[in-house]
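User: I am new to this structure and would like a short walk through it. Could we begin with the aromatic residues?
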Amino acid sequence: MQDILEKLGERRAAARAGGGEKRVAAQHGKGKLTARERIELLLDEGSFEEFDMFVEHRCTDFGMETQKLPGDGVVTGWGTVNGRVVYVFAKDFTVFGGSLSEAHARKITKIQDMALQNRAPIIGLFDAGGARIQEGVNALGGYGEVFQRNVLASGVIPQISVIMGPCAGGDVYSPAMTDFIFMVRDTSYMFVTGPDVVKTVTNETVTAEELGGASVHTTKSSIADKGFENDVEALLQMRRLIDFLPASNTDTLPELPSFDDPGRLDHSLDTLIPANPNQPYDMKELILKLVDEGDFFEIQEAHARNIITGFARINGRTVGVVANQPMVLAGVLDSDAGRKGGRFVRFCDCFNIPIVTLVDVPGFLPGTAQEYGGLIKHGAKLLFAYAEATVPKITVITRKAYGGAYVVMASKHLRGDVNYAWPTAEIAVMGSKGAAEIIYRAELADPEKIQARIKDYEARFANPFVAAERGFLDEVIMPSTTRKRIARALNMLRNKELQNPWKKHDNIPL
């Protein structure tokens, strides 16, 4: 019996050694942790239960029968994050470069199936060189099996991808179908075809970082939701994110003890809005003063910065926050903002996370670049997402809410549950100057007359009371009471039930 136990210990030690000391040292030399080191950081200490440690590939082509390592380039299993069950797979770059084989894919799909059946989040840690070319179509078939499960799990359990090294070819499409993608700066990159292929086909000379690094995907392409400085920061932030998310679409929201009084008043908000309507202010200041203990996990903070999205807590329960940012492009909605906001709202609706919307929007961004780029359809994504959402929706208009953008931003007309406005709110088709110049075009030659018309329009519409008189706003509130009002509204809406008409699925304008 002792001999058998010793052999088991030896086999486990061999599997845990990955590709061996030399390859582990090379991984560390690049500033990266190994797959198992990453899992240890991500999960609660001692909670990881590994599956399929001894799985090996069955390929016999190109001399592969002589090259076998236990685990076959991916570590899979489950554990807990702050006591809550999470499934995880981590590509092991020290074993065959983390490349995907048929056996490797089956390890991942087993974990995907378990996560879906047991209704728990799944986190994938990517650091791999794509498909194992020695296996040909078997490897490609493995990708297909993984992709299919990504789609079936979408909207049922949270799926999170963390890119911690190379991620190329077929490997990029699994993260692309998950809910969130995070990257590590300088050591990770994603692209369908690498720099060498790009050089051959298009004659462009580009580095891996320029083609698909974190700086590109967090700012330009919006593929990644956030970039982190190193592996340790990325994994610790994933633990923080998991705390905000329910385990599945049927699970209740996480509720953490809060030491921040939900009825807290903040009188500094009474002076947040500048006297000059064209002067910007930082909407993030409002967010941080509203939420529990100033804890805000922003999503896509480096992309489409004219709209803010992220998770926070109010009275201990998770909320999704969507807010216009007057500091960037005056907070207008453009194509990027439509895509970013729409996707975030849909995620919140999938997982029954209430949405708090903070509005200061002068309209949609004009210009040929936006129109040619599909602003109509991209803006409609945000509109569609809000209109479709059945979760509690609370809206606060702080200043401008002009034109169609007023309607889009979770207005009462899109089934907003509770719609508040500050006394500084202006709800109108457009700004007073532009409106007066259109209505009284014949008087443009007389500056005094047109100025009087502008003041008249301001008096009639540059306030929230016309909308309040029509019931489009539930209340005009003091800014200092905003947190208290939102907390009470969320509590009132806690048992909200709303069903959309039955459909196989909708057809959002993609």
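Analyst: A definition comes first: rings of Phe, Tyr and Trp (its six-membered ring) pair if their centres lie within 6.5 Å. Please note also that this is a predicted model.

User: Which residues form the one aromatic cluster?
Analyst: The cluster is formed by Phe180, Phe182, Phe228, Phe244, Phe297, Phe311, Phe344, Phe347 and Phe351.

User: How are the rings of phenylalanine 311 and phenylalanine 347 arranged, edge-to-face or stacked?
Analyst: They are edge-to-face, with 5.8 Å from centre to centre and 70° between the planes. Phenylalanine 311 belongs to strand β11 (residues 307-314) and phenylalanine 347 to helix α12, so this pair ties together parts 36 residues apart in sequence.

User: Are those two buried or exposed?
Analyst: Both phenylalanine 311 and phenylalanine 347 are buried.

User: How many aromatic pairs does the structure hold?
Analyst: It holds 14 aromatic pairs. One of them joins phenylalanine 147 and tyrosine 173, whose ring centres are 6.5 Å apart and whose planes stand at 80°, so that pair is edge-to-face. Phenylalanine 147 is in helix α5 (residues 137-153) and tyrosine 173 in helix α6 (residues 173-176), 26 residues apart. Tyrosine 173 has 42% relative accessibility and therefore counts as partly exposed.

User: Changing topic: how do α12 and α14 cross?
Analyst: The axes of helix α12 (residues 335-350) and helix α14 (residues 375-388) come within 8 Å and cross at roughly 20°. Angles under 35 degrees count as roughly parallel, so α12 and α14 are roughly parallel to each other. Their crossing is left-handed.

User: What classes of residue make up that contact?
Analyst: The contact of α12 with α14 has five nonpolar, six polar and five charged residues.

Conventions:
Residues numbered from 1 in each chain as written. Predicted model: local features only at pLDDT ≥ 70, side-chain atom pairs only at ≥ 80, totals over all residues. Heavy atoms only, no water. Axes fitted to C-alpha atoms, helices over the stretch in contact; angles between N-to-C directions. Helix = DSSP H or I, 4+ residues; strand = E, 2+ residues; numbered from the N terminus. Parallel < 35°, antiparallel > 145°, perpendicular 65-115°, else oblique. Left-handed = near helix turned anticlockwise from the far one by under 90°. Nonpolar A, V, L, I, M, F, W, Y, C, P; charged D, E, K, R; others polar. Phe/Tyr/Trp six-rings, centres within 6.5 Å; stacked < 30°, edge-to-face > 60°. Buried < 20%, exposed > 50% of the residue type's maximum accessible area, 1.4 Å probe, protein only.
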